[in-house]
Amino acid sequence: MPTILGQNQYGKAENRVVKITRDGGTHHIKDLNVSVALSGDMDDVHYSGSNANVLPTDTTKNTVYAFAKEYGIESAEQFGIHLARHFVTSQEPIHRARIRIEEYAWERIETSDSNSKFIGADEVKHSFVRKGQETRVTQITFDGETWQVISGLKDLVVMNSTNSEFWGYVKDKYTTLQEAHDRILATQVSARWRYSWSSDEERMPNWEKSYEQARKHMLQAFAETYSLSLQQTLYQMGSRIINSRSEIDEIRFSLPNKHHFLVDLEPFGLKNDNEVYFAADRPYGLIEATVLRDGIEPQIPLDMTNL
């Protein structure tokens, strides 16, 4: 039975690029992991091995580093847009480019006045520490006419030590979980949001401000929601972002419930008054949902594993 070629793409994955911007004695860091995937008129290379339409993956790697120098890195989104536009518009066989970027945040190390003077400088503004475990992510897709930008974050661990309950659920003969009217609510947030911007004719969002504000509203909603379920908290987090940021139309969450169980201390003659917990890493409840602006069709994949 004859075979035909289906969807295909190629590129250079996980190009690690660190850009240092030196503003006098004050330095700024952008630390990215950039993956490039290109698709288009690539049938011949699969059928006959002809590389006539193939831009080497090594060239895509070099482009990432060259663009970091030529254009700088204002934001992960802006950098990905520069790259996607370049690959689609400069190479006729390439019809679509997808750029995925992870950004690793750094924060400046604040030094004491005495230490600053000891090393012979009035201020130290070139030392940094990796910021937490949170990773910022973005995916830019361009087909020569239409843009799609999906950004977000992963590995953002949050906890409410009270103002969370879980009761009134279905019970059957296998149910052993006790109802809780005051519990710890903790999760490791993975979130992706899709921007309404899709055309060069439209005004481009301020990517840095948008990310900071989306993250802020997400955390505020988590902290300010009296939660009767993690699902309820998820919806409030998404709604707060959609209602506060007009440039964002859709957001999808994947929230593993990081369970904390009260330890039974009665065998030791001790009363555990919501003080001592066992933190279980697995198995865990996994809550996933999409929150949309009314009238918008969802486009973010349900499975965000590779997004």
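Hi everyone, and thanks for coming. A word on the ground rules: residues are numbered from 1 along each chain as its sequence is written. Because the model is predicted, local features need pLDDT of at least 70 and side-chain atom pairs count only at pLDDT 80 or more, while totals for chains, interfaces and linings use all residues, and side-chain values use heavy atoms, with hydrogens and water left out.

Let's begin with the overall view. The protein has six helices and ten strands; these are DSSP runs, H or I over at least four residues for helices and E over at least two for strands, numbered from the N terminus. The C-alpha trace spans about 75 × 75 × 35 Å along its principal axes. Of the 307 residues, 40% are buried, where buried means under 20% relative accessible area, exposed over 50%, and partly exposed in between, using a 1.4 Å probe and protein chains only. Among contacts with a separation of 6 or more, 66% come from residues 24 or more positions apart; a contact means heavy atoms within 4.5 Å.

Now to the inside. In soluble globular proteins, nonpolar side chains tend to be buried together. Here the largest nonpolar core has 53 residues. By nonpolar core I mean a set of buried Ala, Val, Leu, Ile, Met, Phe, Trp, Tyr and Cys residues joined through side-chain atoms within 4.5 Å. The members touching the most other members are V34, F79, I99, V189, W193, M218 and F253. Helix α3, residues 76–90, gives the largest share of this core, seven residues.

Let's visit two of those members. W193 lies in strand β6 and is buried, with a relative accessible area of 0%. Setting aside neighbours within four places in sequence, its contacts include V149, Y211, M218 and I300.

What about the aromatic rings? The whole structure holds seven aromatic pairs; rings of Phe, Tyr and Trp (its six-membered ring) pair if their centres lie within 6.5 Å, with planes under 30 degrees apart counted as stacked, over 60 as edge-to-face and the rest as tilted. W147 and W197 are stacked, because their ring centres are 5.6 Å apart and their planes at 25°.

The charged end of R136 sits over the ring of Y211, 4.3 Å from its centre, and that of K171 sits over the ring of Y169, at 4.6 Å. For this, NZ of Lys or CZ of Arg must be within 6 Å of the ring centre and within 35 degrees of the ring normal.

One last stop, out at D281. Is D281 buried or exposed? At 54% relative accessibility, D281 counts as exposed. It is found in the loop between β9 and β10. D281 and Q78 are 203 residues apart in sequence and 37 Å apart in space, C-alpha to C-alpha.
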